[in-house]
Amino acid sequence: GEQSSMIVPGLLKGSIWSHVTQGHTCEQIPSENWSTFTNSFVSSIISSFILASNGFVSISPDNLGYGESFDHFKGYLIRRAYKLSAIPLWLKAQQMIANESGCSSELANNVVIGGYSEGGYGAVATAEAMECIGVEVLSMMAGGGPYQIATGILEIFDDTTKQVYPEISLHYLVLHGSSASTIHGLYQEKYNYSKLLEEEWSVDGGVTSFTSNSIINLTTKGSSDLEMRNFIPKYPDDPTLIIRSIIRDLARENLDANITDPCHDPEGNMEGVEEVCEFLLENDLRDYLRSVTYPFELCHSLIDEEVPISNVLPEFEYAHYEASGGHSEAFGDCFLRHLTLSTDSSVANAELRSSGLCSSVEPTLSPTIDELLPSGASSVEPTSSPTIDEPLPSGADRLHFSVCGCHWYQFIYSLRIRDRN
């Protein structure tokens with residue numbers, strides 16, 4: 001049919017893409033670069049546009065600590081952070097579509113989810129969040145992700161001390177150390193202290209010293225990968241010196257004993273790391289992946305030099321899709337796999353479920369949302385739209401929603417998709 005600026009009528013599937021790691025706070029994030037094919041965020045753009053052209057409502061969160069939440073700690077590999085970034089966007093998109101279309105269109109409670117590297121981790125956490133609010137996950141493709149935080153970190157620690165971990169990727173250590181050393185407001189009711197970083201360390205043979213606070217401030221304000229790597233010792237020195245010595249000692253002891261649990265401490269002589277260990281386990285995604293019943297794949301290269309294949313094999317061999325090349329090269333295979341799964345016949349023919357948002361409301365005039373649309377896009381002036389007295393889907397938790405509501409900052413991609421007629 002012809003191109004139209006109208007929202008496709010009826011029930012619409014949703015798609016969410018979780019982006020790769022980004023150090024800068026307001027550069028190269030989906031909300032700032034939706035129309036620019038730049039570097040790592042090409043995936044967010046292409047995924048959103050391709051799936052939107054196939055009748056999806058496409059959403060790509062900036063994530064906590066980016067965009068308008070720039071003054072917040074980064075939520076790197078923090079399970080709850082990805083949930084808090086996705087849930088309000090989804091609920092807001094449902095409300096916005098209902099308002100703009102006068103309830104002739106509706107974002108159904110059905111979604112496909114994808115992401116790579118950090119975004120692979122984010123995709124799994126997002127899928128868990130969607131299920132929690134009653135949204136059916138039709139498919140999930142998580143690629144190259146560090147899902148097994150509690151055990152995977154031990155392997156990366158070992159590779160780093162042996163100086164075989166890629167030096168160009170050591171900024172991940174900075175991001176994870178920072179996120180695991182700040183509470184984020186997400187765990188205050190549970191943890192009083194979970195610091196992973198050492199208080200102070202030196203680089204360049206002791207010429208320059210840095211503190212844990214300097215790294216936390218650096219990652220919060222945003223910085224390049226190179227800037228972050230300049231804050232830690234470089235090979236041939238030991239980059240893991242930024243980690244608290246008591247944690248390094250426990251990790252080395254377990255590695256020497258061929259124990260894969262970094263927090264294994266039968267003697268109980270490592271007092272002071274219990275909350276760090278609990279924190280790592282809290283953000284380990286194995287428990288959720290073991291419970292998944294919908295179609296999903298973990299796309300991962302066997303020779304991934306940044307995120308070990310042990311995050312997938314042997315436990316999740318049944319879900320493994322093998323990608324070629326190293327970590328960066330495998331992205332292409334995994335991204336294409338996401339598009340394939342998202343447009344598979346089982347997804348195309350899925351029975352869509354209404355959110356119930358438009359079931360019993362009186363129509364009124366809708367506010368304009370031109371400020372939410374990309375440059376050049378025009379909003380549809382609806383004749384009427386519902387007053388959303390109860391914007392929460394059935395079963396959604398109001399307290400949780402109010403917490404999430406602080407993060408309605410990220411951009412929702414254009415809903416003006418191809419008219420099926």
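Helix α3 (residues 79–101) lies across β1 (10–18), β2 and β3 (105–116), and runs at about 150° to β3. Contact here means heavy atoms within 4.5 Å. Helices (H or I, at least four residues) and strands (E, at least two) are DSSP runs, numbered from the N terminus. Axes are lines fitted to C-alpha atoms, for helices over the stretch in contact, and angles run from 0 to 180 degrees between N-to-C directions. The model is predicted: local features need pLDDT of at least 70, side-chain atom pairs count only at pLDDT 80 or more, and totals for chains, interfaces and linings use all residues. Residues are numbered from 1 along each chain as its sequence is written, and side-chain values use heavy atoms, with hydrogens and water left out.

The sheet is open and has six strands, in the order β2-β1-β3-β4-β7-β8. Their pairing is parallel. Two strands pair if DSSP finds at least two bridges between them. The edge strands, β2 (56–59) and β8 (320–323), each pair on one side only. On average, neighbouring strands of this sheet are turned by 20° against each other, direction ignored. Strand β7 (residues 296–301) runs parallel to β8, and four bridges join the two. Ser 301 has Ala 323 of β8 as its bridge partner.

A further helix, α4 (residues 118–132), lies across β1, β3 and β4 (136–143). Helix α4 also runs at about 150° to β3. Helices α3 and α4 pack at an angle of about 60°, and their axes are 8 Å apart. The two helices are therefore oblique to each other; angles under 35 degrees count as roughly parallel, over 145 as roughly antiparallel, 65 to 115 as roughly perpendicular and the rest as oblique. The residues of α3 that meet α4 include Tyr 82, Ile 87 and Trp 90. Among those met in α4 are Tyr 121, Ala 125 and Met 130. By class, this contact of α3 with α4 has eight nonpolar, two polar and four charged residues. Ala, Val, Leu, Ile, Met, Phe, Trp, Tyr, Cys and Pro count as nonpolar, Asp, Glu, Lys and Arg as charged, and the others, Gly among them, as polar.

Gly 120 is found in helix α4. Gly 120 counts as buried because its relative accessibility is 0% (buried means under 20% relative accessible area, exposed over 50%, partly exposed in between, with a 1.4 Å probe and protein chains only). Leaving aside neighbours within four places in sequence, Gly 120 is in contact with Gly 115, Ala 142, Gly 143, Gly 145 and Tyr 147. Cys 334 is 214 residues from Gly 120 along the chain, and their C-alpha atoms are separated by 9.9 Å.
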